[in-house]
Amino acid sequence: MDFNRRQFIAGASIAGLSSNALANPASTDVAIAPAPARKPYRTIAVEEAFATPEQFDAMKKLIESGGDYDLEVRAWAAHVADPGNRRLAVLLDMDGERLAEMDRVGLDMQVLSLTSPGVQAFDADTAVAVAEIANDRLAEVCRRHPGRFAGLASIAPQAPERAAKEIERAMTTLGLNGIIVNSHTGGEYLDAPKFAPILEAAAATGAAIYIHPRLPPKEMAQFFTPAKDQGKLENGQSLSKSFTTLMGFTAETLLHGTRLLVAGAFDRYPNLKIVLGHMGEGLPFLSWKLDSGYEIFAPTGLKRKPSEYLRENFVFSTSGFFSPSNAKFILEECGPQSLMFGVDYPYYSMEDGMKFLSGLELESSAIERISHLNAESVFKIARQE
Ligand code: MN
């Protein structure tokens, strides 16, 4: 019996089954510590959230100031007001439960980024300060746990020139791996001319920009809110769940990515890489349609077909979107370099993400690309072995 269980455990690890199943065996006659479900290939998850005490302190100050603050901070208000809040504890934890769970499910590395909206709801000076401290903390945790964490630096788009300097510092002095931008900043998008220093610095340093969803500007939110919930929005209550949990995050982030493409950002910065999570926020699915529009109407003045930018300037991740058919579609439409594994921890579970990755019915070369090779390339993560 014991021998058979051990055989089962060894086989299960190779098959990539979650160790959770192993921790709760049907038979309880012997106690065997659950073996980590090691994968035969490295596993890197690229959209994994953390937070800093300074970020939450700045949110608290904003809330206490009583002004007409950002919808997203409003959504966080109940969390940051409660010091015992579980969500905050998980986001602030770097060394305990997070690493233990990575070990348990066999996830080698998380690429960390400050949880949405990062610093983008703050005034410029606060945003710059909170971003710098967060980046220092991020670099420190990457050094403390070599091979387990990489990091995307936060910047304050509110102050484009200072943001450009921070990109430079993050990518050189701190040795971080890219940039996170939580979509709009005060209702403005990165294609606006004022943000050119940010795109320029990213292209110059080879920093991929991960455009992460956030709640929309208030003006947009009203159109994504069903009539029955409009009153809640006007009364300043949390935005209707219909925006966040259905298609609202995706719609707003898709808009951002498409704006950059149509604005010719990749003609100006041919090396610029934009990363979109959640299976590309719908953008890969529009590839044929974008080309068709370009052929028929040709109003854009772009140098290339939209699908070419999708293949060469965009990379997508599986964060919070564990659909094998969507993964296969992206590989077919945009190519094997276009997809990276992501979980969206702690908002989605590492275990569910790892089950999805293990269950992908693809050639091993494609699995390796998704699991680590593309992330190593896009985010300049040192290869192993
Ligand atoms: Mn996320």
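Cys142 is buried in this predicted model, with a relative accessible area of 16%, and Cys334 is likewise buried, at a relative accessible area of 0%. The structure holds zero disulfides. The table sets out the two cysteines.

| Residue | Relative accessible area | State |
|---|---|---|
| Cys142 | 16% | buried |
| Cys334 | 0% | buried |

A manganese ion is held by three residues, namely Glu47 through OE, His212 through NE2 and Asp344 through OD, at distances of 2.0 to 2.2 Å. Along the chain, these donors follow the spacing E-x164-H-x131-D. Glu47 belongs to strand β1 (residues 44-50), while His212 sits in the loop between β5 (209-211) and α10 (218-221), so the pair ties together parts of the chain that are 165 residues apart in sequence. Both Glu47 and His212 are buried.

The largest nonpolar core comprises 92 residues, and the members that touch the most others within it are Leu190, Ile209, Leu272, Ile274, Phe314 and Phe341. Helix α7, which spans residues 124-144, gives the most to this core, with nine residues. Apart from this core lies another one, of 16 residues, which includes Ala150, Tyr210, Met340 and Ile381.

Leu272, one of the residues with the most touching members in the largest nonpolar core, can also be described through its individual contacts. When its neighbours within four places in sequence are left aside, Leu272 is in contact with Leu199, Ala202, Ala203, Ile209, Ala265, Phe266 and Asn313.

Notes. Residues are numbered from 1 along each chain as its sequence is written. This is a predicted model: local features need pLDDT of at least 70, side-chain atom pairs count only at pLDDT 80 or more; totals for chains, interfaces and linings use all residues. Side-chain values use heavy atoms; hydrogens and water are left out. A disulfide is a pair of cysteine sulfur atoms within 2.5 Å. Buried means under 20% relative accessible area, exposed over 50%, partly exposed in between (1.4 Å probe, protein chains only). Donors are N, O and S atoms within 2.8 Å of the metal (3.2 Å for Na, K and Ca); water is not among the atoms, so sites may look incomplete. Helices (H or I, at least four residues) and strands (E, at least two) are DSSP runs, numbered from the N terminus. A nonpolar core is a set of buried Ala, Val, Leu, Ile, Met, Phe, Trp, Tyr and Cys residues joined through side-chain atoms within 4.5 Å. Contact means heavy atoms within 4.5 Å.
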